[in-house]
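Here are my notes for you on this one. Have a look at the picture first, then read the points alongside it.

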Amino acid sequence: MTTSRVIVNNFLRFFVLIALQVLVLNNIYLGGFINPYLYIYFILLIPYEVPGALLLILAFITGAGVDIFTNTLGLHSSACLAMGYARPHIIRMISSGPDSLIGDSPSLKNQGLKWFLYYSLSLILIHHFVLFFLEAFRFTEFFTTFLRVVMSSVFTLLLVLICEYLFYPKEK
Amino acid sequence: MRNLFVFIRKNYFILLFLVLEALSLGLFFNFNEFQNTAVYDITSTFTGGINRTFRNISEYLTLKSTNQTLVEELAKLHSQLPKAYYSSDAHSFYRNDTIYQLQYRYISAKVISNTTNRRNNFLMISKGSLQGVRNHMGVIIGNRIVGQVVSVSPHFSWIISMLNKDSKVSGKFKKNNQLVNVEWSGGSYRYGSIREIPKHVDMKKGDTIITSGNSDIFPEGVLVGTISEFTVAPDENFNYGTILFSTDFNSLGYVEIVLDLMRKEKEDLKATFKSE
């Protein structure tokens, strides 16, 4: 894929995911408080080549985009930054070497289910952990908040996997 | 100096992360305590428009239940007419009476955005300072509690819902006027928690909690909820319990803002005492 095509694709994905998040997903919750945050799918799919500084700035902008709509300035951007910071480390940890990364950006199709699960679940957990604990900001509700982190992470992961299978199906 | 540049070059990833994270946390702690008006004004002109359009569409889907609420409300109001109680829109109707002086006026407003699934929930409504809404006014729906105004722009108001860690309402048992505090400790939006129930109060499931009228924000007697569970703590000074909110926070279409016409008098009275 040419570079300009990749940029346009990511640009579109950014707007679609943020609109989906603030208009639809923010109104969805299971059991009263389980909330999916699919917009971080954008950060998961940023190409490997993107330099660290740009990755952090993109993560920050993504979080800030959601923050503006939910009036929680700084909340989502903090969580997204933590995720953006962890991303290169996680990739390095779970891959056997730079040669094992196939394609432009992380995907289920190229890396296999096990790799992609490790990758997305750890980043989603980091994001949700920062998000929910910043939001609650007290440790007296530690277990309730922790439960929210785990349940919402599972829900988000499920949506991410569905998106992977829908938009990047395995070629037969 | 050169070493410094080398250091920055080597560690720019973590340094940039720290700078941006500090910026975010700074924003978070400075602007989220009670949603500072300055930032809120800038962003709401943009996001308020989008939210309103989306809300207009989704309003059609809830028309039926909104009508239901309105009809119920009308029936209730008809039976209360002599009290000169209610005002529609920004205009209010009331009688001048020398024996019963009007204390509360109500402004109705449309809910533009509302959440129930976060730890700290807020509502935005379609009336602002131009219609007479001011900070710290109570917000109800029917005779049930919703929250408190925390920030006002000319056309919109920002309301801290009961479903927020900063919300605390002074309530009392309807049957014996014992005071309790009502809070929300997260989780399901249907249930809140009550603390500091005196040991000698004899509770039953289904006891009604209403506002005490102590706080100047809500009139006395606004429904908060009914007790759904309680624990008698043998080695503590107070008992605590769970309350089922009377309000369904997830289906708010219209709310009413309570204007206490005598609030200034009450506050002045307190102020004169302090200054002496």
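**Where the chains meet**

1. In this predicted model, 28 residues of chain B are in contact with 25 residues of chain A (contact: C-beta atoms, placed from the backbone, lie within 7 Å). On the chain B side, α2(B) gives the most, with 11 residues. By class, that side of chain B has 14 nonpolar, 11 polar and three charged residues (Ala, Val, Leu, Ile, Met, Phe, Trp, Tyr, Cys and Pro count as nonpolar, Asp, Glu, Lys and Arg as charged, the others, Gly among them, as polar).

2. Now for strand β4 (residues 144-152) of chain B: eight of its nine residues are buried (20 or more other C-beta atoms within 10 Å of a residue's own, all placed from the backbone). Helices (H or I, at least four residues) and strands (E, at least two) are DSSP runs, numbered from the N terminus.

3. What does β4(B) pair with? Strand β3 (residues 138-141) of chain B is joined to β4(B) by four bridges, running antiparallel, and V139(B) has G147(B) as its bridge partner. On to β5 (residues 157-161) of chain B: β4(B) pairs with β5(B) in the antiparallel sense over five bridges, with S151(B) opposite W158(B). (Pairing needs at least two DSSP bridges between the strands.)

4. The hairpin from β4(B) to β5(B) goes through four residues.

5. A word on the bookkeeping: residues are numbered from 1 along each chain as its sequence is written, and chains are lettered from A and ligands numbered from 1 in the order written. As the model is predicted, local features need pLDDT of at least 70 and side-chain atom pairs count only at pLDDT 80 or more, while totals for chains, interfaces and linings use all residues.

Conventions. Contact = placed C-beta atoms within 7 Å. Buried ≥ 20, exposed ≤ 12 C-beta atoms within 10 Å, placed from the backbone.
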